[in-house]
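Trainee: I am new to this structure. Please take one part of it and walk me through its surroundings closely.

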Amino acid sequence: MDIGRTYLDYNATTPLRPGVRDVLIDALDQFGNPSSVHAEGRTARSYVSTAKTQVAKLVGGSANDIVFCSSATEALNMVVQSNWDSVITLRTEHAAVLAPAKTYDTANLSIEVTDDGIIDLETLPSVIDTARTFGPRVLVCVQAANNETGVLQPVADVVEICHAAGASVLTDAVQVAGKLPIDVTTLGVDYAVISAHKLGGPKGVGALWVRPGQSATPLITGGGQEKGLRGGTENVASIAAFGFAAECAVKSLETEPADSQITKEFERRLVEVSPDCVVIGRNAPRLPNTTSIAMPGRGAETLVIALDLAGFAVSAGAACSSGKVSRSHVIEAMGLGEELSASAIRISRGWETTQDDLDRFVEIWARTVKPSNGLRHVA
């Protein structure tokens with residue numbers, strides 16, 4: 001029997017927004033090198049320039065300050081590896097920040113979060129003071145919205161503290177872009193990173209916004225593309241599609257503001273049918289599309305598989321480990337313990353999700369977590 005499929009993993013990746021495929025295919029036919037001065041090159045360059053304007057509007061910056069990369073991971077690595085004296089991270093940051101930060105001798109500089117996943121602002125000044133003993137160039141990394149829990153950080157408050165102490169701020173805005181309005185100028189951050197495939201564009205392209213006056217060390221050299229920050233001929237077709245997806249996201253935010261009440265009601269119903277479950281970050285401000293829920297005694301991998309067999313695509317934590325399911329470092333950093341970190345799954349809806357999808361999920365969830373269904377307990 002064909003059970004049909006319901007996709008509830010938008011934080012991992014998204015389907016293409018309507019019209020993006022057409023832009024992608026059209027741009028593939030424009031074969032010119034955007035660095036060439038002839039007509040074909042100028043046509044290709046116009047696609048890149050237009051996309052920079054579109055992406056800049058999404059984040060509230062200037063097109064001149066946008067750098068296109070192969071992914072948000074590359075962009076984050078570029079900034080983190082830009083010869084800082086020390087790098088400070090939240091313990092809940094994405095692996096694309098935590099991994100390159102470990103290359104510094106000052107790798108143990110991290111900031112605690114509350115049990116709701118929000119940064120402990122009171123400890124930030126002292127951590128920066130410690131970091132400055134290694135040198136004046138300090139970078140603080142703060143994820144605007146966590147990819148696993150959807151918890152939003154008070155980025156503007158972080159920036160105020162950091163700048164007062166002479167530190168720069170990088171924000172991973174991958175999850176918030178397209179879901180909530182974001183304005184890098186108002187926030188005051190020095191660097192911001194977003195990804196095309198998280199907001200309805202193609203995979204394989206990301207963007208870095210660099211505040212005027214700030215600098216970054218390129219990971220890939222050998223060409224003068226992207227103002228010397230990212231060598232290599234631009235991926236024109238994907239960049240053009242990224243720009244159009246960003247434009248669609250801006251329009252969507254203007255015409256259909258995110259409704260967090262849908263998620264709150266969805267979570268209320270999940271708790272109603274499974275009183276033992278725990279909604280992670282329930283009391284914190286969160287993305288309007290994201291629910292992280294743990295079922296003590298149940299393995300996250302088993303839950304994901306059972307729901308997949310029932311026709312629902314959800315995930316356990318971040319989808320960046322080649323299918324590997326392991327305990328969530330995010331939930332452990334929140335101090336919620338190994339049992340919850342090993343049993344948490346993420347449900348993230350998007351523009352194609354309907355109320356009927358959520359209703360059916362609640363029904364299937366209730367059946368899935370019944371003690372009699374044979375799901376194994378966490379070892």
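Mentor: Gln 153 is found between β5 (138-143) and α6 (155-164). Keep in mind that this is a predicted model. Is Gln 153 buried or exposed? Its relative accessibility is 9%. Buried means under 20%, so Gln 153 counts as buried.

Now look at what surrounds Gln 153. Set aside its neighbours within four places in sequence. Next, turn to Arg 286. In sequence, Gln 153 and Arg 286 are 133 residues apart. In space, their C-alpha atoms are 8.7 Å apart.

β5 and α6 both pack against the buried residues of α5. So do β3 (86-90) and β4 (110-111). Which residues of α5 (residues 124-132) are buried? They are Leu 124, Val 127, Ile 128 and Ala 131. These four cover an arc of only 100 degrees around the axis, so they lie on the same side of α5. The spacing fits a general rule. An α-helix has 3.6 residues a turn, so residues three or four places apart point the same way.

β3 brings us to another loop. Asn 83 is found between α3 (72-80) and β3. Asn 83 is not a glycine, yet it has a positive phi of about 55 degrees. Its relative accessibility is 52%, so Asn 83 counts as exposed.

Glu 226 is not a glycine either, and has a positive phi of about 50 degrees. But Glu 226 is buried, with a relative accessible area of 5%. Where is Glu 226 found? It is in the loop between β8 and α8 (236-255).

That takes us to strand β8 (residues 206-210). Of its 5 residues, 5 are buried, so β8 is largely enclosed by the rest of the structure. Look at the two directions. Gly 206, Leu 208 and Val 210 point one way from β8. Ala 207 and Trp 209 point the other way. All are buried.

Which strands pair with β8? One is β2 (residues 66-69), joined to β8 by 4 bridges. β2 and β8 run antiparallel. Here Ile 66 stands opposite Trp 209 of β8. The other is β7 (residues 191-195), which pairs with β8 over 5 bridges, also in the antiparallel sense. In this pair, Ser 195 has Gly 206 of β8 as its bridge partner.

How many cavities of 30 Å³ or more does the structure hold? There are 3.

How values were computed
Residues are numbered from 1 along each chain as its sequence is written. This is a predicted model: local features need pLDDT of at least 70, side-chain atom pairs count only at pLDDT 80 or more; totals for chains, interfaces and linings use all residues. Side-chain values use heavy atoms; hydrogens and water are left out. On a 1 Å grid over the protein atoms alone, a cavity is a set of points where a 1.4 Å probe fits but cannot get out, and a pocket is an open set with protein on both sides within 12 Å along at least five of seven lines; lining residues have an atom within 4 Å of a point. Grid points are joined across faces, edges and corners, and a volume is the space filled by probe spheres set on the points. Buried means under 20% relative accessible area, exposed over 50%, partly exposed in between (1.4 Å probe, protein chains only). Helices (H or I, at least four residues) and strands (E, at least two) are DSSP runs, numbered from the N terminus. Two strands pair if DSSP finds at least two bridges between them. Contact means heavy atoms within 4.5 Å. The arc is that of the directions from the helix axis to the C-beta atoms.
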